[in-house]
Amino acid sequence: MFLSPLSMSGVRLTLSSWEDAYKTVPPWDVGRPQPAFVELVRNGELVRGKVLDVGCGTGENALYIAEKGFSVTGVDLTNRAIVAARLKAVERKLKVDFREGNALSLDFKDGVFNNVIDSGLFHTFPDADRPVYAREVARVLARRGKYFMLCFSEKEPTNWGGPRRVTKQEIESTFSPMFNINYIRDALFATRFHSNGGKAYLTSAIRISA
Ligand code: SAH
């Protein structure tokens with residue numbers, strides 16, 4: 001199931017609804033890194049150094065990036081996802097610091113990451129959480145650090161429910177106070193039920209000030 005209240009603008013999903021999602025394999029948990037992030041790494045768009053994967057789920061993106069030589073931390077609200085991610089790291093002999101945490105109140109000092117990646121977290125937040133989240137991402141990023149975000153776009157049909165669809169204007173207004181937006185480009189979001197991925201935006205932004 002895709003958590004249906006995700007399409008509502010005023011509702012924050014509870015921890016227990018996220019934990020429940022991981023009782024089975026949720027639709028976004030595709031067992032491989034998102035192609036959009038693979039491409040980013042291949043194109044050399046990440047700043048060398050530390051990466052925070054926020055809302056990391058069971059860790060495929062984080063593990064892929066760690067394999068490519070970055071120092072990676074993955075944070076997720078749910079214990080189930082973090083346990084699964086840690087297990088994968090052990091199985092694949094990769095070192096990633098996977099830990100439980102809340103993206104709206106991150107347990108890291110200011111400016112410690114060179115990159116923050118977000119695969120499918122931003123589009124789950126209600127309006128009121130968006131600026132709080134943007135401030136937290138900006139806070140933990142070093143100056144000139146980069147934020148990469150993949151979310152469903154308004155071009156994806158809404159007939160199947162799923163998370164909120166996000167417009168370019170919404171991304172710009174949420175992040176532009178603290179970031180220069182490099183681009184917001186069309187991308188695909190791989191899920192377990194789209195054959196080619198859902199219509200998404202990939203955002204690249206640089207932190208300019210706190
Ligand atoms: N990035 C992962 C998971 C995407 S689904 C992937 O691509 O597979 C969104 C994830 O964000 C879920 O794992 C959910 O548990 C997590 N999440 C939701 N709210 C959060 C919050 N406030 N802080 C941290 N993680 C959160």
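Begin by selecting C151, which in this predicted model counts as buried because its relative accessibility is 0%. The structure holds 0 disulfides, and C56 accordingly is in none, with the sulfur of C151 being the nearest cysteine sulfur to it at 18 Å. C56 also counts as buried, at 7% relative accessibility.

Next, select K146, which is placed in strand β5, covering residues 141-152. Is K146 buried or exposed, and which side chain of opposite charge is nearest? K146 is buried yet has no salt bridge, and the nearest side chain of opposite charge, that of E45, is 5.6 Å away. The backbone oxygen of E45, however, lies 2.9 Å from a polar atom of the K146 side chain. If you display the surroundings of K146, leaving aside residues up to four places away in sequence, you will find that K146 touches several residues, among them V47, N114, N182 and I206.

Now turn to the ligand, which is surrounded by 17 residues, the closest being Y22, G55, D76, A103 and S119. Select D76 to find an N or O atom of its side chain 2.7 Å from an oxygen atom of the ligand. A nitrogen atom of the ligand is 2.8 Å from an N or O atom in the side chain of N102, and a ligand nitrogen is likewise 2.8 Å from a polar backbone atom of A103.

The tour continues with the salt bridges, of which the count comes to 12. Select E60 and R92, whose side chains meet in a salt bridge with N to O at 2.8 Å. E60 lies in helix α3 (residues 60-67) and R92 in the loop between α4 (79-91) and β3 (96-100), so this pair ties together parts that are 32 residues apart in sequence. E60 counts as buried at 8% relative accessibility, whereas R92 is partly exposed, with a relative accessible area of 38%.

Move on to R139 and E136, whose side chains meet in a salt bridge of 2.8 Å, N to O. These two residues are 3 residues apart in helix α5 (residues 129-140), which means that about one helical turn separates them.

R130 counts as buried at 5% relative accessibility, while D127, at 42%, counts as partly exposed.

Conventions: Residues are numbered from 1 along each chain as its sequence is written. This is a predicted model: local features need pLDDT of at least 70, side-chain atom pairs count only at pLDDT 80 or more; totals for chains, interfaces and linings use all residues. Side-chain values use heavy atoms; hydrogens and water are left out. Helices (H or I, at least four residues) and strands (E, at least two) are DSSP runs, numbered from the N terminus. Buried means under 20% relative accessible area, exposed over 50%, partly exposed in between (1.4 Å probe, protein chains only). Lys and Arg count as positive and Asp and Glu as negative; His and the chain ends are not counted. A salt bridge is a side-chain nitrogen of Lys or Arg within 4 Å of a carboxyl oxygen of Asp or Glu. A polar contact is a pair of N or O atoms within 3.5 Å; within protein, one must be able to donate a hydrogen and the other to accept it, and residues adjacent in sequence count only if both atoms are side-chain atoms. Contact means heavy atoms within 4.5 Å. A disulfide is a pair of cysteine sulfur atoms within 2.5 Å. A residue is near a molecule or strand if one of its heavy atoms lies within 4 Å of it.
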